[in-house]
Amino acid sequence: MKRSVLTRYRVMAYVTAVMLLVLGTCMVFKYGFDTGEGLTLVVSQVHGLLYIIYLVFAFDLGQKARWPFGRLLWVLVAGSIPFAAFFVEPRVTAEVEPLVERDDDEGVGAGAEETARA
């Protein structure tokens, strides 16, 4: 598995988590203090778009890591639960990092063999 698959998942996990917290704050102001309706609309739409991107990247990571359906579902849902991504992302990274390193090592070995043959 390429490191970029893990990196883009990690970036989108944190971006989505932060946007979800911003959206929650906007909703408190909208419904609690009756202000910021326009900002809440914009933030909710941006969060929705970013969440879709997060779903695609998380699904791609899950397929390449060959996760069972339950784990994949938990990682996908983590982007919609406030603060969950901050706890799920490090666990996912710790689990997937050995796969990335193994594939990096295999790629380096294959490249060295090709160079030696030439």
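His-47 is buried, its relative accessible area being 9%, where buried means under 20%, exposed over 50% and partly exposed in between, with a 1.4 Å probe and protein chains only. The place of this residue is helix α2. Leaving aside residues up to four places away in sequence, His-47 touches Thr-16, Met-19, Leu-20, Leu-23 and Gly-79, a contact being heavy atoms within 4.5 Å.

The model is a predicted one, in which local features need pLDDT of at least 70 and side-chain atom pairs count only at pLDDT 80 or more, while totals for chains, interfaces and linings use all residues. Residues are numbered from 1 along each chain as its sequence is written, and side-chain values use heavy atoms, with hydrogens and water left out.

Four helices and zero strands are present in the protein, and the order of elements from the N terminus on is α-α-α-α; helices (H or I, at least four residues) and strands (E, at least two) are DSSP runs, numbered from the N terminus. Of the 118 residues in the protein, 32% are buried. Among contacts with a separation of 6 or more, 72% are between residues 24 or more positions apart.

Two packed helices are described by the angle between their axes and the distance between the axes. For helix α1 (residues 3-33) and helix α2 (residues 37-65), the axes come within 8 Å and cross at roughly 155°; axes are lines fitted to C-alpha atoms, for helices over the stretch in contact, and angles run from 0 to 180 degrees between N-to-C directions. The two helices α1 and α2 are therefore roughly antiparallel to each other, a term for angles over 145 degrees, with under 35 counting as roughly parallel, 65 to 115 as roughly perpendicular and the rest as oblique.

Met-27 belongs to helix α1 and is partly exposed, with a relative accessible area of 36%. Not counting residues up to four places away in sequence, Met-27 touches Gly-32 and Thr-40. Between the C-alpha atoms of Met-27 and Glu-37, which are 10 residues apart along the chain, the separation is 8.3 Å.

The two residues are set out below.

| Residue | Helix | Relative accessible area |
|---|---|---|
| His-47 | α2 | 9% |
| Met-27 | α1 | 36% |

In helix α3 (residues 69-78), the residues Leu-72, Val-75, Leu-76 and Ala-78 are buried. Seen down the axis of α3, its buried residues fall within an arc of 160°, so they line one face of the helix; the arc is that of the directions from the helix axis to the C-beta atoms.
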